[in-house]
Amino acid sequence: MKLYPISVSRLQILESGQFITNLIADYVKSRLDPATDAEYKSQYEALKSLSIPYNDALNQIKAQKETEELMNLDTLRDQSLSTIRRAVSVFEYSRDAREVSAYKEVVIILRKYSDIERANYPAETLGIDKVVAEIRGAKDNAMDVLQLDKHVTLLEEDNAAFKAKFADRSSDVISSVSYDVKTMRKEIFEVYNTLAEYVALMAKIKNDAYFLDTLKVFNYSREYFADILARREGINKKNNPKT
C-alpha cells in the first residue's frame with residue numbers, strides 16, 4: 001500500500017488549508033491514537049500547531065475575498081437602480097397623459113429613496129426591497145406603462161444575490177495581523193510531506209494495523225483532492241486546448 005499520488009503544490013491557497021484540516025479531522029474520526037508511535041506523534045502535533053495560524057491567515061484571505069465580492073454585488077444593484085432612474089426620466093416630457101401620470105407616481109417613490117445607495121448594507125438592502133415593492137404596486141399600473149418590469153426584476157435579482165452572499169459571508173473579522181502565507185504554506189507542507197512519507201514507510205516496514213489504517217486516512221484526503229485537481233485540469237484543457 002502506497003501514498004496516493006498528488007501534487008500538493010497545485011492546490012489553490014484556500015484548498016491547501018482545507019487539505020490539512022480534512023486530514024486532521026479524518027484522523028480524529030478514525031480514533032487512532034497518535035501516541036502509538038512517538039515519532040508520528042511528534043510530527044502530527046507539529047502539523048496541528050502549524051495549522052492553527054495557517055487557517056487564521058487563510059480565513060483573512062477568505063474574508064477579504066468575500067468583501068470584494070460583496071462590493072461587486074453592491075455595485076451591480078446600484079447600477080440597476082440607476083438604470084431604473086434613467087428609464088423613468090425618459091418620460092418626464094411625454095405628451096401621453098398616462099405616461100406623465102405614471103412618471104409622477106414612480107418619481108415620488110424614487111425620490112423617497114434618493115440616497116439609498118449611500119446607506120449601510122442592511123439599510124440599502126431593505127430600501128431596495130421597498131423600492132421594488134412600491135414600484136410594482138404603484139397606482140394606475142405605472143410600472144407597466146413605463147415598461148419598467150425588466151429593470152425592476154433585474155434590481156430584485158441583484159438584491160437577492162447580494163442578500164445571499166451577505167448572509168453566507170465569513171464571520172471572521174479581518175484582523176490587523178499580517179501573515180506571510182507563502183512561507184507558512186511552505187513550512188506546513190514540509191511537515192506534512194515528512195509525516196506522510198514516514199507513515200508510508202512504516203506501513204511498508206511494519207505492515208501493522210496502526211500504520212496501515214493511518215495510511216488509509218492520509219490517502220482518503222489525497223485521493224479526494226487529487227480528483228479535484230484532475231477535474232480542474234480537464235476543464236482547463238477543454239477550454240484551452242492549445243495550452
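In this predicted model, Arg-77 and Asp-74 meet in a salt bridge, with 2.9 Å between the closest N and O atoms. Both residues belong to helix H2 and stand three residues apart, about one turn of the helix. A network of salt bridges links Asp-74 and Arg-77 with Glu-124.

- Besides its salt bridge with Asp-74, Arg-77 places its charged end over the ring of Phe-162, at 3.7 Å from the ring centre.

**Other salt bridges**

- The structure contains 14 salt bridges.
- One of them joins the side chains of Glu-15 and Arg-232, with an N to O distance of 2.2 Å.
- This pair connects distant parts of the chain, as Glu-15 lies in helix H1 and Arg-232 in helix H8, 217 residues apart.
- Glu-15 counts as buried because its relative accessibility is 14%, whereas Arg-232 is partly exposed at a relative accessible area of 21%.
- Lys-48 and Glu-45 also form a salt bridge, their closest N and O atoms lying 3.8 Å apart.
- Lys-48 and Glu-45 are both found in helix H2 (residues 38-89), with a separation of three residues, about one turn of the helix.
- Lys-48 is partly exposed at 28% relative accessibility, and Glu-45 is partly exposed at 28%.

**Aromatic pairs**

- The count of aromatic pairs comes to 15.
- Tyr-121 and Phe-166 make an edge-to-face pair, with ring centres 6.3 Å apart and 85 degrees between the planes.
- Tyr-121 is in helix H4 (residues 121-136) and Phe-166 is in helix H6 (residues 149-168), so that this pair links distant parts of the chain, 45 residues apart.
- Tyr-121 has a relative accessible area of 25% and is partly exposed; Phe-166, at 23% relative accessibility, is also partly exposed.
- Tyr-198 and Phe-211 form an edge-to-face pair because their planes stand at 80 degrees, with the ring centres 6.0 Å apart; the cut-off for this class is over 60 degrees.
- The Tyr-198 and Phe-211 pair links distant parts of the chain, running from helix H7 (residues 181-206) to helix H8 (residues 209-239) across 13 residues.
- Phe-211 is buried, with a relative accessible area of 1%.
- Ring pairs also join Phe-19, Phe-189, Tyr-192, Phe-218, Tyr-224 and Phe-225 into a cluster.

**Helix H1**

- Helix H1 (residues 13-30) comprises 18 residues and spans 26 Å from its first C-alpha to its last, close to the 26 Å expected at 1.5 Å a residue.
- The buried residues of H1 are Glu-15, Ser-16, Gly-17, Phe-19, Ile-20, Leu-23, Ile-24, Asp-26 and Tyr-27.
- Among these buried residues of H1, Glu-15 takes part in the salt bridge with Arg-232, and Phe-19 belongs to the aromatic cluster.
- Just after H1, Arg-31 adopts a positive phi of about 65 degrees.

Notes: Residues numbered from 1 in each chain as written. Predicted model: local features only at pLDDT ≥ 70, side-chain atom pairs only at ≥ 80, totals over all residues. Heavy atoms only, no water. Helix = DSSP H or I, 4+ residues; strand = E, 2+ residues; numbered from the N terminus. Expected span 1.5 Å × (residues − 1). Buried < 20%, exposed > 50% of the residue type's maximum accessible area, 1.4 Å probe, protein only. Phe/Tyr/Trp six-rings, centres within 6.5 Å; stacked < 30°, edge-to-face > 60°. Lys NZ or Arg CZ within 6 Å of the ring centre and 35° of its normal. Salt bridge = Lys/Arg side-chain N within 4 Å of Asp/Glu carboxyl O.
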